[in-house]
Amino acid sequence: MFNLERIRKDCFWDLQISSEDINDVLKSSDHKKITMLFEKILLNSTALFHDLELFDKKQLEVLLENYKVPQFNGAYAFRRKNMAEVFFFDKPLLIDELKWTA
């Protein structure tokens, strides 16, 4: 079960949004709102992998593929995006300090 209240506190501390609003976005077909929700979760969630499961697998794949890493906080955003790609889609790990060494 998803804790939308925790997601709201983690990810939307800067906006006036309710748990019901988050649920409404998830049920909507508004790509702009879905993308905004995805980006807020990607960058702010304390339970990243669990919370990204709010999106169906195909939708998540498209969201990750289309996500453009911003210049501000780029290293952090890149790491979070790559970890999600590795976890959900078995993509290559591009973060050197997280790779196993032999």
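Q: Which residue forms a salt bridge with Arg6, and how far apart are the closest N and O atoms?
A: A salt bridge here needs a side-chain nitrogen of Lys or Arg within 4 Å of a carboxyl oxygen of Asp or Glu. In this predicted model, Arg6 pairs with Asp51, and the closest N and O atoms are 2.6 Å apart.

Q: Which parts of the chain does the pair link?
A: Distant ones. Arg6 lies in helix α1 (residues 4-11) and Asp51 in helix α4 (residues 48-52). The two residues are 45 residues apart.

Q: Is Asp51 buried or exposed?
A: Buried means under 20% relative accessible area. Asp51 has a relative accessible area of 0%, so Asp51 is buried.

Q: How many salt bridges does the rule give?
A: The count comes to eight. One of them joins Glu85 and Lys81, at 2.9 Å from N to O.

Q: How are Glu85 and Lys81 placed in helix α6?
A: They are four residues apart in the helix, which means a separation of about one helical turn. Glu85 is buried, and Lys81 is buried too.

Q: Which residues do salt bridges with shared partners join into one network?
A: Arg6, Asp10 and Asp51.

Q: Where do Glu97 and Arg79 sit, and what links them?
A: A salt bridge links them, with the closest N and O atoms 2.2 Å apart. Arg79 is in helix α6 (74-89), while Glu97 is in the segment after α6. The partners are 18 residues apart, and the pair links distant parts of the chain.

Q: How do I class Glu97 and Arg79: buried, partly exposed or exposed?
A: Exposed means over 50%, buried under 20%, and partly exposed in between. Glu97 has 57% relative accessibility, so Glu97 counts as exposed. Arg79 has 28%, so Arg79 counts as partly exposed.

Q: Now helix packing. How do the axes of α3 and α5 cross?
A: Look at the approach of the axes and at the angle. The axes of α3 (residues 31-44) and α5 (residues 57-66) come within 11 Å and cross at roughly 80°. Angles of 65 to 115 degrees count as roughly perpendicular. So α3 is roughly perpendicular to α5.

Q: Which residues make the contact?
A: From α3, they are His31, Ile34, Thr35 and Phe38. From α5, they are Gln59, Leu60, Leu63 and Leu64.

Q: Where is Asn73, and how accessible is Asn73?
A: Asn73 is in the loop between α5 and α6. Its relative accessibility is 44%, so Asn73 counts as partly exposed.

Q: Where is Asp90, and is Asp90 buried or exposed?
A: Asp90 belongs to the segment after α6. Its relative accessible area is 71%, so Asp90 is exposed.

Q: Where is Thr101, and is Thr101 buried or exposed?
A: Thr101 is also found in the segment after α6. With 73% relative accessibility, Thr101 counts as exposed.

How values were computed
Residues are numbered from 1 along each chain as its sequence is written. This is a predicted model: local features need pLDDT of at least 70, side-chain atom pairs count only at pLDDT 80 or more; totals for chains, interfaces and linings use all residues. Side-chain values use heavy atoms; hydrogens and water are left out. Axes are lines fitted to C-alpha atoms, for helices over the stretch in contact, and angles run from 0 to 180 degrees between N-to-C directions. Angles under 35 degrees count as roughly parallel, over 145 as roughly antiparallel, 65 to 115 as roughly perpendicular and the rest as oblique. Contact means heavy atoms within 4.5 Å. Buried means under 20% relative accessible area, exposed over 50%, partly exposed in between (1.4 Å probe, protein chains only).
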